[in-house]
Amino acid sequence: MAKLINLEVFQRFFRSGQVGGFLLLICVAISLIIANTASKENFETFLATKLGFGAVNYSILAWINDALMAIFFLLVGLEIKRELVEGELSSVKSAALPVIAALGGMLVPALIYSFFNKGAETADGWGIPMATDIAFALAIIAMLGKSVPTSLKIFLAALAIVDDLGAILVIAIFYTNQIHFEYLAMAGGILVLLGLMNYFGVKKLVFYLIPGVFLWYFIHHSGIHATIAGVLLAFTIPTNETDVKSPLEKLEHFLTTPVNYIIMPIFALANTNITFQKEMLTGLVSPLGLGIIVGLFVGKTIGVTFFSWLAVKLKWADLPTGAGWKHILGLGMLAGIGFTMSIFIALLSFSEVLHVSQAKFAILTASILSGVVGFVFLKSVKAQELTTERSLTTEDTK
């Protein structure tokens, strides 16, 4: 009788969440290949294909970036709310750290970019290195598995959400030509309704998800990036501090698999299509390229680490459980993965095609550098800790 294949290793790997990170990286590679082959035009035509009807007739790319990503932000928002209620962010000091760290991670890169581009025609791109791509950053930290404490993953998610909210505000204030306040008012009305349902104990998820669709629609039409609707909706979903499974936990459990294994890979496939040009290489050492690369890789690391240190030193915040300063330093490196939001701001910053292309390539370069260095550094921190623990154990037994 033939021996059955042992699937335990594969099943354990799949359950660990690391496979989502690998799928994401594979889709990034496929997207880059497509963008630099004869398939490029067909792929772009496909992404530009309109789907929908009436006021919701958008391109496939728009559905991915505005609708599917809102679902991703909904999941992240659910995780953050759960941690605020009963987890790593439940104390004021713990919750304050990612906010303060995100502030540093936005200010320092913007200042670095402005230093390189002062008086240049590319000066308006100061918002580009402010953003952290929450999807890719979380994918990289998920690939680290148990090499980093769980609290660090929650900290990164919270930091990235605050960072993205900051980027959305920057876009709304400095890069948006017009905000439609009537749509914002309607979105605000739905948000109040959702809050009242939570207050009066409505538990059925359908009563939150249906208004949530309208919340997304109104925010989308207001001129503000629609993904913020996911976070806002998440914070209205009911939860509890007991062992009884809450509506929030049910929805979080339901969304985890499709977000990690379907939505994020599709997102990466659609958004990494950067066509390489020789002018991009010279752009890396231009004020534009240096401002982005140094801003994202160095500025994010310094900003997140220094502001975190300052907050802890002044006793405004506490470090995440089980995390040390090396973890915060490595996390600051991962925060330098700008990618999607950075590219989005670049498109709003420049009208010249060459500047947009150079900015995209610089963002990709800085994001790869930040992701690889951050991953290797955090992996080595775990290895160093294990070595130290073993040496201490050996000394104790002597």
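The legends below describe close-up views of a predicted model. Local features need pLDDT of at least 70 and side-chain atom pairs count only at pLDDT 80 or more, whereas totals for chains, interfaces and linings use all residues. Residues are numbered from 1 along each chain as its sequence is written, and side-chain values use heavy atoms, with hydrogens and water left out.

**View A. The largest nonpolar core and L152.** A nonpolar core is a set of buried Ala, Val, Leu, Ile, Met, Phe, Trp, Tyr and Cys residues joined through side-chain atoms within 4.5 Å; buried denotes under 20% relative accessible area, exposed over 50%, and partly exposed in between (1.4 Å probe, protein chains only). The largest such core has 116 residues, of which F72, L152, M264 and I292 touch the most other members. Helix α7 (residues 150-175) supplies the largest share of this core, 15 residues. Helices (H or I, at least four residues) are DSSP runs, numbered from the N terminus. Beyond four places in sequence, L152 touches I141, A323, H327, I328, L331 and L378, contact being heavy atoms within 4.5 Å.

**View B. Helix α4 and its bend at M69.** Helix α4 bends by about 30° at M69, the bend being the angle between axes fitted to the seven residues ending there and the seven starting there.

**View C. T227 in the loop between α9 and α10.** T227 lies between α9 (206-222) and α10 (228-234) and is buried, with a relative accessible area of 2%. Apart from neighbours within four places in sequence, T227 contacts N65, D66, M69, A70, F73 and I168.

**View D. K315 in the loop between α13 and α14.** K315 is located between α13 (287-313) and α14 (325-334). This residue is not a glycine, yet K315 has a positive phi of about 65°. K315 is exposed, at 63% relative accessible area.

Technical notes:
Helix = DSSP H or I, 4+ residues; strand = E, 2+ residues; numbered from the N terminus.
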